[in-house]
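Visitor: I would like to go through this model by question and answer. Please show it first.

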There are 2 protein chains.
Amino acid sequence: MQCHKIVQILRQKAVGEKIVVQGWVKTVRRSKSVSFIDINDGSCLTNLQVIAEQNQTTDENHLKDLSTGCSLRVTGTLAASPAKGQDIELQAETLEILGLAPDYPLQKKRHSFEYLREIAHLRPRTNSLGAVARIRSALSFAVHTFFQERGFFHIHTPIISTGDCEGAGETFTVTALDLENIPSSTNLASVWDDDFFGCQANLTVSGQLEAEAYAMALGNVYTFGPTFRAENSNTSRHLAEFWMIEPEMAFCNLQEDIDIAEQFIKYLVDTLLKDCLEDLELFASFIEKDLFKRLKNVSEKTFIRLSYTEAIAELQKSKKSFKFPVAWGMDLQSEHERYLTEVIFGQPVVLTDYPKTIKPFYMRVNEDQKTVAAMDVLFPGIGEIIGGSQREERQDNLVARMNELNMQTSEYEWYIDLRRYGTVPHAGFGLGFERMVQFVTGMKNIRDVIPFPRTPGSASF
Amino acid sequence: MQCHKIVQILRQKAVGEKIVVQGWVKTVRRSKSVSFIDINDGSCLTNLQVIAEQNQTTDENHLKDLSTGCSLRVTGTLAASPAKGQDIELQAETLEILGLAPDYPLQKKRHSFEYLREIAHLRPRTNSLGAVARIRSALSFAVHTFFQERGFFHIHTPIISTGDCEGAGETFTVTALDLENIPSSTNLASVWDDDFFGCQANLTVSGQLEAEAYAMALGNVYTFGPTFRAENSNTSRHLAEFWMIEPEMAFCNLQEDIDIAEQFIKYLVDTLLKDCLEDLELFASFIEKDLFKRLKNVSEKTFIRLSYTEAIAELQKSKKSFKFPVAWGMDLQSEHERYLTEVIFGQPVVLTDYPKTIKPFYMRVNEDQKTVAAMDVLFPGIGEIIGGSQREERQDNLVARMNELNMQTSEYEWYIDLRRYGTVPHAGFGLGFERMVQFVTGMKNIRDVIPFPRTPGSASF
């Protein structure tokens, strides 16, 4: 007799079939002669109700110990259910308790997300965190499917790196030195000589530069890997370790880059609306009332595209009083991005052609010499969800820009080589995976959309 | 006019169609009036031949500069080709040189893999490394497809960790401390207090323990992420950073674990034989003559299963003189694994039930109290490619085993919790992704199957 997953059982509704189910007890309700046991095996949100008569179980001695969190194996026959809210139930024939759960920390009541973070190893057993995990998995697969179906190659760019793509400087150091016996360091360069890699190494902040090398060989590529920031930001929007998706396309300009970003986001949302409806409904019921409206807004509306310069003009025209006064050349703050997406347009907006002074060295300088071919996708309620650009493919311009920023060109010779040998126009973007999971679930704190969050002061489990 | 990828052009063979192609020059051959230009865009191994008459190009001034490595955009009409070895060619109407490539480091001749490692940013432009990258991408997607189609959920286990799953101790430290100004450390514990995570953190060596937590909630899960070893092994088989796939299944015993491992490997090989034939043929021609025979051996033969104890007896029976003499209790060496798979059986072998003294704490102790429910999949020519086990799900046994090994149980309370609350039999395994890429390509050095290898003394690019 085959063991079935509850997701299949509920889909197939094979009344009369004899099956085996294994899972964990969500709730037990007892009457004089029978127990009603809701079990869940994680394959979907919905539980299967098991009806166990006392004299039909093999484990009579333990049935009284059965409680939330216990694990079970039940053999029985599927029957049409007279109960409200379910089509079928399982009439138990044998019931074996695999593991008890005395003093189980997860009770039927709703626990706060703060409490659940303290038991991150148990929280996927709750409805909400289990649903996050299933959605995260579906979203991750949709990322791969989107790119693979379009002929993109998945590239594993390195995690340990000796560069700092964004120039932000807030990187973690990776070392194999025994820090308990590090010599008091008058000459640290020589300390690195003795380290594993023979130089200072750190955790990557982006795979873009390496992805460019592969785009210059294979055409269209993408990365999907962990990235890191040693930024001391204890907020609901920051993680020290998060996952990022970075496509990079040869023979691609900024408009085509935006086209692909828009198709990509819509594909992800549409896939979840098709495949994860039950889990999404949980979030629409308990976390974010307008979730489906928001998802359909992204799925159905063509993103508004306007230049940074036009956006500045729109914001100034609004006469709204912002905490940070609006002026050309400034980096847009969250309040400006939200005003554009939520008040002025009420839908996703793509801003392009930002001042070069507020963007990294690798972005292509426009003809005006003041702006670069950058693009940010801004979402209502979220702000920036995607950042991208056409890359500077002209060797002279790239080197000039690096010199302007006092960068060591000698450390980037390999990157300049990509312009030296058969350079082509190319572009790409980055999507923070956890931000996307937050968007599709409505979860407020980014720590609740990754299994084991790493934040200042916390790397447990 | 749409821009086409060469892989589509060669597949569709739309003679008479007007198209645009963009790519890089592999070779140029000139006659008096025409140039024969082989271009490649990375979408597949095969080049498209472009026939350009001097007076039909827009860039007449540069056509003489055209050389290997240049980037081009060509508009033209597809024609049946009279040349041997190709069905179609492109009659150029306009030809635009996008980027020149003077002194290009990759010439038509074959370069050594050692040389190519020094220019890892350019090597995917070669036939062999380009093919490795395409196969790697297809293999990566096949991993996801296999598990997703079978209802497994993809879990992103943490990269930065405070545990050491294997107890090997050869981990990299992750720190945000300024190592130039670290106080001379009489009391290092207080140094960690000041570090980003408030304790010593390192790079993960395995996501298994965290995956177990998710299997205890969702049933079947898998990880696919980078793992790290600060092991000073300068060999063709070791990387400091490599990717690992680790499924973990609730309600699963050792035999079912082996079943899934075998199905998984066969699925990967079959997918590549179906989707990557052209690239595989390159490796069969130039790298490993018997490649297809080896792949079919894995695909078609049921893996032999025998216990470690039986394997020891087979080896002793063979009377072969090994460098490491065979005795029960020893860890098998490469010579023993190869003798079993290559000489005795001539096919993949799964060994089970190893002595507990040579295996980690989390493996389930068998009734004999001497062996554990472990399994290793051994491949001819490769050795161990998968290692797995049924996990110790009994709380008392787990704690006893940890005590035997002098482990700090207090650091593993969360892991013990998985046995405390609704424990179930469960099992899983790990596949080193690069070992698998080596197996399917025949590439001898593991540094040539990952884009930017990290090894002792080397973290460039």
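Visitor: How many of the nine residues of helix H14 (residues 433-441) of chain B are buried?
Guide: This is a predicted model. Buried here means under 20% relative accessible area. The residues of H14(B) that count as buried include B:Phe433, B:Arg435 and B:Thr441. H14(B) is largely enclosed by the rest of the structure, because the number of its residues that are buried is nine of the nine.

Visitor: How are H7(B) and H14(B) oriented to each other?
Guide: The axes of helix H7 (residues 254-275) of chain B and H14(B) come within 11 Å and cross at roughly 50°. Angles under 35 degrees would count as roughly parallel, and 65 to 115 as roughly perpendicular. The two helices are therefore oblique.

Visitor: What covers the buried residues of H11(A)?
Guide: In helix H11 (residues 334-344) of chain A, the residues A:His336, A:Glu337, A:Tyr339, A:Leu340 and A:Thr341 are buried. Their cover, within chain A, includes helix H10 (308-317), strand E14 (349-355), strand E15 (371-379) and strand E16 (383-390).

Visitor: Is B:Lys356 buried or exposed?
Guide: B:Lys356 lies in the loop between strand E14 (349-352) and strand E15 (374-379) of chain B. Leaving out residues up to four places away in sequence, B:Lys356 touches B:Gln369, B:Lys370, B:Thr371, B:Val372, B:Arg401 and B:Glu404. Its relative accessibility is 16%, so B:Lys356 counts as buried.

Visitor: What kind of axis relates the two copies?
Guide: Chain A can be laid on chain B with an RMSD of 0.0 Å, by a turn of 180° and a shift of 0.0 Å along the axis. The copies are thus related as by a two-fold rotation axis.

Visitor: Through which surface do the copies meet, the same or different?
Guide: Of the interface residues of chain A, 99% are also interface residues in chain B. The copies therefore meet through the same surface.

Methods
Residues are numbered from 1 along each chain as its sequence is written. Chains are lettered from A and ligands numbered from 1 in the order in which they are written. This is a predicted model: local features need pLDDT of at least 70, side-chain atom pairs count only at pLDDT 80 or more; totals for chains, interfaces and linings use all residues. Side-chain values use heavy atoms; hydrogens and water are left out. Copies are superposed by least squares on the C-alpha atoms of residues with pLDDT of at least 70 in both. Contact means heavy atoms within 4.5 Å. Buried means under 20% relative accessible area, exposed over 50%, partly exposed in between (1.4 Å probe, protein chains only). Helices (H or I, at least four residues) and strands (E, at least two) are DSSP runs, numbered from the N terminus. Axes are lines fitted to C-alpha atoms, for helices over the stretch in contact, and angles run from 0 to 180 degrees between N-to-C directions. Angles under 35 degrees count as roughly parallel, over 145 as roughly antiparallel, 65 to 115 as roughly perpendicular and the rest as oblique.
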